[in-house]
Amino acid sequence: MRARFWVIIFVGFSFFAGSFCEARAQKEEIEQDTIWDQDRVVDRTITIKQGVELKIKQGTRVRFEKEGSMNVQGDLTIAGEKEKPVIFYQEEDKQQDGERRAYYLFFGPDSNSKISHFIFRDAGGYFEGGSKMPGMRVKGQLEITDSLITENT
């Protein structure tokens with residue numbers, strides 16, 4: 001009877017811990033052409049799959065939380081306007097132990113992206129494990145016009 005009790009406790013705890021870990025490590029994949037035309041909160045890694053486009057329309061604000069980042073393997077089109085730019089930012093300055101914790105934007109080798117009237121700020125910093133990431137890393141094709149990239153690592 002006592003052994004059965006501990007097995008039930010162990011299985012229950014394992015299920016709870018596994019669910020918690022899975023929730024913290026959530027990722028989202030964009031697998032078909034998608035348009036964002038409303039403000040967003042990104043609290044996980046968003047991957048734009050190869051051959052897929054994410055288009056973000058003018059005036060959209062994208063706020064990144066602690067676990068948020070964007071991995072562009074396909075295409076990212078940011079179509080801001082002079083009076084209505086698209087803004088990527090972090091709400092608060094994420095300082096932990098004197099080191100900045102922030103989001104990043106990565107463009108993979110097959111990405112082909114166009115960005116216009118875009119404000120990109122508060123990105124990059126140190127991440128778990130002590131590695132340092134720049135705010136933006138580009139390996140593919142990226143065209144940026146009429147944009148502001150500021151206050152990033």
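Over which ring does the charged end of Arg61 sit? The ring is that of Tyr89, and the charged end lies 4.6 Å from its centre. This is a predicted model.

Start with the sheet. Five strands form an open sheet in the order S1-S4-S7-S12-S17, and their pairing is parallel. Strand S1 (27-30) and strand S17 (136-138) are the edges, each pairing on one side only. Neighbouring strands of this sheet are turned by 10 degrees against each other on average, direction ignored. Look at one pairing inside the order. Strand S4 (residues 45-48) runs parallel to strand S7 (residues 69-72), with four bridges between them. Ile46 stands opposite Met70 in S7.

Now turn to the aromatic residues. The structure holds five aromatic pairs. In one of them, the ring centres of Phe64 and Tyr103 are 4.0 Å apart; their planes meet at 5 degrees, under the 30 degrees that counts as stacked, so this pair is stacked. Phe64 belongs to strand S6 (residues 61-64), while Tyr103 lies in the loop between strand S11 (99-100) and strand S12 (105-107). The pair thus links distant parts of the chain, 39 residues apart. Both Phe64 and Tyr103 are buried.

Phe88 is in strand S9 (residues 86-89) and Phe118 in strand S14 (residues 118-121). They are 30 residues apart, and again the pair links distant parts of the chain. Phe88 and Phe118 are both buried.

Terms used:
Residues are numbered from 1 along each chain as its sequence is written. This is a predicted model: local features need pLDDT of at least 70, side-chain atom pairs count only at pLDDT 80 or more; totals for chains, interfaces and linings use all residues. Side-chain values use heavy atoms; hydrogens and water are left out. Two strands pair if DSSP finds at least two bridges between them. Helices (H or I, at least four residues) and strands (E, at least two) are DSSP runs, numbered from the N terminus. Axes are lines fitted to C-alpha atoms, for helices over the stretch in contact, and angles run from 0 to 180 degrees between N-to-C directions. Rings of Phe, Tyr and Trp (its six-membered ring) pair if their centres lie within 6.5 Å; planes under 30 degrees apart count as stacked, over 60 as edge-to-face and the rest as tilted. Buried means under 20% relative accessible area, exposed over 50%, partly exposed in between (1.4 Å probe, protein chains only). A charge sits over a ring if NZ of Lys or CZ of Arg is within 6 Å of the ring centre and within 35 degrees of the ring normal.
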